[in-house]
Amino acid sequence: MDIDHIRQISVVGSGLIGHSIALDFAIQGYKVRLHSHTKDSLKRSYDMIKNSMRNLVRLDCLDPNKMADIESNIYMDSSLNASIIGSDIVIEAVYEKVILKQKLFRRLDEMCPPHVILASSTSSILPSKLVEFVTRPERVVVAHYINPPHLVPLVEIVRSPLTSDLTVDTLYSLLKKLGKCPIILPQELPGFISGRLQMVVLKEALWLVKNGYATTKDVDTVLKSSLGRRWAVAGIFEVLELAGWDLISNVISEIGPSIDTSSESFSLIDTKVKQGELGAKSGKGFYDWPEAVADSVREKIIHSLVEIEKWSE
């Protein structure tokens with residue numbers, strides 16, 4: 001598929017990830033059809049899009065005179081059929097539940113013309129679990145965005161054993177045209193790359209907290225004040241090769257045997273979920289989350305992502 005002929009994208013699911021994907025394409029001049037099953041959720045999505053644009057303007061990343069044009073690029077509809085008409089790529093961004101996504105892919109497969117690429121923004125579900133429900137598995141692929149998609153350049157493209165090279169190459173070229181940093185996984189893997197790395201860090205962080213070696217604040221301070229700052233500009237292999245693998249080998253021999261290899265530390269998360277302490281969305285997790293504090297942290301993340309992007313230009 002010639003990416004120069006792609007003019008319209010459909011995004012099914014208008015929540016935290018979906019609205020941001022839609023905005024990302026709309027900023028680049030694409031027509032976007034954004035779907036959610038209720039008008040209330042579409043209204044919330046509209047408010048999030050407007051707020052995201054205002055933030056970009058305030059951070060000098062968007063010309064305020066372009067806001068109206070960007071908004072006009074996004075068409076919202078609670079009808080799935082109306083939301084996919086005329087699109088060459090449909091990106092699914094519904095709730096992270098495998099059965100829900102499988103049912104949706106079955107419907108999309110029935111409704112879309114044969115040439116349409118069906119992509120999932122899932123962060124954990126393997127594409128092979130989706131292709132079972134379609135008649136054209138060669139057109140199904142995962143496009144894993146990192147929140148918020150309109151600010152974070154990475155997109156992990158994950159193929160199933162049945163995904164065609166044409167599908168992967170088309171999506172990769174389109175994302176590059178948008179200024180994203182796509183990577184192609186040669187084979188599917190639970191959690192992909194970003195998810196697995198995050199889970200490894202989380203697992204050890206939970207172990208440190210559970211065993212009394214650190215508080216959650218201590219862990220976050222270490223990440224924000226050292227590792228996170230370095231990793232924002234150089235990856236782990238780049239950083240450690242500057243130090244030298246002979247030095248790192250010595251460090252591994254001292255630390256390696258004590259690194260947590262069990263899954264017991266994840267029980268802390270299970271306890272939080274059972275107690276309804278879900279984090280910012282419930283007002284309490286490991287931290288207390290008054291609405292003003294949550295908004296402040298979100299604001300700080302957005303500002304930092306914008307500044308980091310400027311460094312890399």
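**Figure 1. Serine 45 is buried, at a relative accessible area of 0%.** Buried means under 20% relative accessible area, exposed over 50% and partly exposed in between (1.4 Å probe, protein chains only). Serine 45 belongs to helix 2; helices (H or I, at least four residues) and strands (E, at least two) are DSSP runs numbered from the N terminus. With neighbours within four places in sequence left aside, serine 45 is in contact with Ser14, His19, Leu34 and Met76, where contact means heavy atoms within 4.5 Å. The model is predicted: local features need pLDDT of at least 70, side-chain atom pairs count only at pLDDT 80 or more, and totals for chains, interfaces and linings use all residues. Residues are numbered from 1 along each chain as its sequence is written, and side-chain values use heavy atoms, with hydrogens and water left out.

**Figure 2. Helix 1 passes helix 2 in a right-handed crossing.** A crossing is right-handed if the near helix is turned clockwise from the far one by less than a right angle, and left-handed if anticlockwise. The two helix axes come within 10 Å and cross at roughly 55 degrees, which makes helix 1 oblique to helix 2. Axes are lines fitted to C-alpha atoms, for helices over the stretch in contact, and angles run from 0 to 180 degrees between N-to-C directions. Angles under 35 degrees count as roughly parallel, over 145 as roughly antiparallel, 65 to 115 as roughly perpendicular and the rest as oblique. Helix 1 contributes Leu16, His19, Leu23 and Ile27 to the contact, and helix 2 contributes Ser45, Met48, Ile49, Ser52, Met53 and Leu56. Of these contact residues, seven are nonpolar, three polar and none charged. Here Ala, Val, Leu, Ile, Met, Phe, Trp, Tyr, Cys and Pro count as nonpolar, Asp, Glu, Lys and Arg as charged, and the others, Gly among them, as polar.

**Figure 3. Serine 83 is found in helix 4 (residues 80-84).** Serine 83 counts as buried because its relative accessibility is 1%. Beyond four places in sequence, serine 83 touches Ser10, Arg33, Leu34, His35 and Asp77. The C-alpha atoms of serine 83 and valine 12 are 7.8 Å apart, although the two residues are separated by 71 residues along the chain.

**Figure 4. The largest nonpolar core has 38 residues.** A nonpolar core is a set of buried Ala, Val, Leu, Ile, Met, Phe, Trp, Tyr and Cys residues joined through side-chain atoms within 4.5 Å. Ile9, Phe25, Ile91, Tyr145 and Leu174 have the most contacts inside this core. Helix 1 (residues 16-27) supplies its largest share, five residues. A second, separate core has 14 residues, including Leu80, Phe105, Leu108 and Val134. Residues up to four places away in sequence not counted, tyrosine 145 touches Ile21, Phe25, Ile91, Ser121, Leu154, Val155, Leu175 and Lys180.

**Figure 5. A cis peptide bond joins asparagine 147 and proline 148.** Omega at this bond is about -5 degrees. Proline 148 lies in the loop that runs between strand 6 (140-145) and strand 7 (154-159).

**Figure 6. Aspartate 60 and phenylalanine 192 have positive phi.** Aspartate 60, not a glycine, has a phi of about 60 degrees and sits in the loop between helix 2 (39-58) and helix 3 (67-72). Its relative accessibility is 71%, so aspartate 60 counts as exposed. Phenylalanine 192, also not a glycine, has a phi of about 60 degrees and sits in the loop between strand 8 (181-185) and helix 8 (194-210). Its relative accessibility is 0%, so phenylalanine 192 counts as buried.
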